[in-house]
Amino acid sequence: MVDTKQHEERNDLGVKPGPRRQCAGCAKRDFADALLRVVLDPEDGTLAVDLADSRFGRGAHVHASKECMQKALRGGFAKVFKSKVEGTAESLAEQVVVAADRRIEGLITGARRGKLAIAGADVVREAYREGKAALIVVASDAAAAAKLPEVQDAIGQGKAIGWSNKQRLGAIFGRDETAVCAVLHEGVAEAIGRARAHAAPFATAEVRSEAWSSSEDR
Ligand SMILES: [Zn+2]
């Protein structure tokens, strides 16, 4: 059903063609990276979203949309797990947003430890001009940083995202506050983009209405 053209478009999100999986909701096959992985806790039948693909056990896949989640909860998940499942599309969506937020935090933290992320407007601007910045992350409450020409250019290129706030971004870099940072590693940048793309359909209207961060939401 899904044609090749759509898959090529997906690559714009930083999604590389890989193994395909079936969505437990709409039953269409899609690249695993474009789907959410959901695992079942066999003890209580609850579902957990696994954005990092790291949890053991049998996983089901579903598109990051309420419609597919609702369909999957009505039967698709039970079929995959061969057992009764508990949960609502709302609780799954909330999990996706929280998990994506934590994953982005973890990815930036890991990049900083590996000296693959730098913070501060001056160094970020320089890195971007030199083509070293794979992704710019702007704190969502950093309006001035969002207006920097390099950041505006990065937004236009789909190479910038808004995330969290100056305090949380600062904590990653051992500072009180950080308005902007750059991730220098392509793979880490792609993983951050994926986490964000998974959560985007469920982000609040408030988050999505931020003009400067809307360009990379598709
Ligand atoms: Zn689907």
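What does helix α2 (residues 66-81) span between its end C-alpha atoms, and what would a straight helix of 16 residues span? The model is predicted.

1. Span of α2. At 1.5 Å a residue, a straight helix of 16 residues would span 22 Å. Helix α2 spans only 20 Å between its end C-alpha atoms. There is also a bend of about 65 degrees in α2, located at Leu73.

2. Leu73, the residue at the bend, is itself buried. Other buried residues of this helix include Cys68, Met69, Lys71 and Ala72, as well as Gly76, Phe77 and Phe81. Lys71 may deserve a look in the viewer, being a lysine on the buried list.

3. End of α2. Lys82 comes just after the helix and has a positive phi of about 50 degrees.

4. The sheet. An open sheet is formed by 4 strands in the order β6-β9-β7-β8, with mixed pairing. Its edges are β6 (117-119) and β8, each of which pairs on one side only. On average, neighbouring strands of this sheet are turned by 25 degrees against each other, direction ignored. Helix α4 (residues 121-129) packs on the sheet and touches β6, β7 and β9. The direction of α4 makes about 35 degrees with that of β9.

5. Partners of β7. Strands β7 and β9 (residues 180-183) run antiparallel and are joined by 4 bridges. Within this pair, Val138 has Val180 as its bridge partner, and Ile136 stands opposite Ala182. Strands β7 and β8 (residues 160-163) run parallel, again with 4 bridges; here Val137 stands opposite Ile161.

6. Burial of β7. Are the faces of β7 covered or open? Both are covered. In a regular strand, side chains alternate between the two faces of the sheet. Leu135, Val137 and Ala139 lie on one side of β7, Ile136 and Val138 on the other, and all are buried. That accounts for 5 of the 5 residues in the strand (135-139).

7. Arg175. This residue lies in the loop between α7 (166-172) and β9. Why does Arg175 count as partly exposed? Because it has 13 C-beta neighbours inside 10 Å. Leaving aside neighbours within four places in sequence, Arg175 is in contact with Ala119 and Gly170.

Note on methods. Residues are numbered from 1 along each chain as its sequence is written. This is a predicted model: local features need pLDDT of at least 70, side-chain atom pairs count only at pLDDT 80 or more; totals for chains, interfaces and linings use all residues. Helices (H or I, at least four residues) and strands (E, at least two) are DSSP runs, numbered from the N terminus. The expected span of a helix is 1.5 Å times one less than its number of residues. The bend at a residue is the angle between axes fitted to the seven residues ending there and the seven starting there. A residue is buried if 20 or more other C-beta atoms lie within 10 Å of its own, exposed if 12 or fewer, and partly exposed in between; C-beta atoms are placed from the backbone. Two strands pair if DSSP finds at least two bridges between them. Two residues are in contact if their C-beta atoms, placed from the backbone, lie within 7 Å. Axes are lines fitted to C-alpha atoms, for helices over the stretch in contact, and angles run from 0 to 180 degrees between N-to-C directions.
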